Amino acid sequence: MAKPEQHASPDSLLGQLQRGRGEGHIRILSTPKRDACQLLVECISNDPRLDSQVEQRAEYYASIAVEVGLDLAPLAQHLREHDDTGQSTWNTALAVETLGELAKRSYGNAADILCDYVECGQWWDWPLENLMALPDPDLHKKIAGAIEHRFPSDAELEQALAWFDFGDMPWVALVQQSERIAKFRNNLAKGVGKASSHERASPNLTSLTTKQLLDLADERNRHQLRKIIVQLVTPSDADLLVGNISLDKPFVADVALAGLVRLAPERIFEWLQEFWSSNPEMPGFLR
């Protein structure tokens with residue numbers, strides 16, 4: 001579903017809802033339910049944000065949905081029929097976010113819709129934190145099962161989960177619900193333990209140069225090196241960091257990007273924008 005070329009008039013109810021205005025929230029509550037729900041579904045399924053990274057709408061639309069008694073069936077249908085095929089488009093991102101907010105409110109069947117989406121949707125990991133925070137052990141087990149069905153082989157599961165931190169929610173809870181996820185976490189922990197032993201015998205990482213840190217970067221240590229590189233980079237490192245942003249070495253790129261975030265050189269913004277837009281297959285943790 002294409003993004004609208006322009007918003008409706010700012011004086012219209014639709015225009016106010018598209019812009020996330022408080023007046024739109026007030027006006028829609030006095031609108032006949034059928035019309036109110038149609039307008040709300042239009043906004044959620046046809047993302048009206050100009051910049052989805054800085055404009056938040058999910059809580060706004062979820063609050064209205066609860067107050068007008070929105071039927072979630074149209075949103076479930078939208079996810080099935082118009083889901084993104086890659087992470088370079090945004091057909092269903094707002095619907096997933098809004099349903100996540102509704103699940104937090106235990107509204108309707110939002111949690112069940114998202115559970116089904118976890119098994120097949122492009123943005124499958126987005127709802128996990130909201131769903132696993134709900135006090136519903138049966139739902140937790142169902143979510144773990146959806147992830148296992150999505151990645152039926154251990155190799156597929158390992159590849160998909162390699163990007164996540166198992167010390168954070170929702171993975172702490174998911175490990176309790178899935179033997180396969182727990183097995184992967186345990187294997188990963190063993191590998192990290194071996195790496196930690198080696199690190200204790202290695203020179204202090206903060207004494208290394210930016211290039212040496214990038215040369216060390218791999219799957220196991222990238223989180224640690226990201227924290228260190230932001231303390232060490234200087235403006236003269238910008239070109240070195242850009243040169244190490246490549247999909248061929250995603251973990252090195254992850255560390256290099258952390259350094260660039262710290263420096264934020266204006267001259268490379270256009271290059272980064274082109275890099276993002278021309279690589280839709282980019283791993284989610286880099287995007």
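Biologist: How many aromatic pairs does a search of the whole structure find?
Modeller: The search finds eight aromatic pairs. Keep in mind that this is a predicted model.

Biologist: What describes a pair of aromatic rings?
Modeller: Two quantities do: the distance of the centres and the angle of the planes. Take Phe164 and Trp171, whose rings lie 4.8 Å centre to centre with 40° between the planes, a tilted pair. Phe164 and Trp171 are both buried. They also belong to one aromatic cluster, together with Trp124, Phe151, Phe166 and Phe184.

Biologist: Let us turn to helices. Which way do residues three or four places apart point in an α-helix?
Modeller: They point the same way, because an α-helix has 3.6 residues a turn. With that in mind, look at α7, which spans residues 110-120. Its buried residues are Ala110, Ala111, Ile113, Leu114, Cys115, Tyr117 and Val118.

Biologist: What covers the buried residues of α7?
Modeller: The cover includes α5 (73-82), α6 (93-104), α8 (128-132) and α9 (137-150).

Biologist: Is Cys37 buried or exposed, and on what grounds?
Modeller: Cys37 counts as buried because its relative accessibility is 14%, and the cut-off for buried is under 20%. Cys120, in contrast, counts as exposed because its relative accessibility is 61%. As for disulfides, the count comes to zero.

Biologist: Now a loop residue. Where is Thr31 placed?
Modeller: Thr31 sits in the loop between α2 (22-28) and α3 (33-45). Its side chain reaches back to the backbone oxygen of Arg27 at 3.1 Å. Setting aside residues up to four places away in sequence, Thr31 touches Leu13 and Ala36.

Biologist: And the protein as a whole?
Modeller: Of its 287 residues, 45% are buried. Among contacts with a separation of 6 or more, 64% join residues 24 or more positions apart.

Biologist: Where does pLDDT stay under 50?
Modeller: That happens over residues 191-203, for which the model has five contacts beyond four places in sequence. Across the protein, pLDDT averages 86, and 89% of the residues score at least 70.

Notes:
Residues numbered from 1 in each chain as written. Predicted model: local features only at pLDDT ≥ 70, side-chain atom pairs only at ≥ 80, totals over all residues. Heavy atoms only, no water. Buried < 20%, exposed > 50% of the residue type's maximum accessible area, 1.4 Å probe, protein only. Helix = DSSP H or I, 4+ residues; strand = E, 2+ residues; numbered from the N terminus. Contact = heavy atoms within 4.5 Å. Phe/Tyr/Trp six-rings, centres within 6.5 Å; stacked < 30°, edge-to-face > 60°. pLDDT = per-residue confidence, 0-100. Polar contact = N/O pair within 3.5 Å; in protein donor to acceptor, adjacent residues only side chain to side chain. Disulfide = S-S within 2.5 Å.
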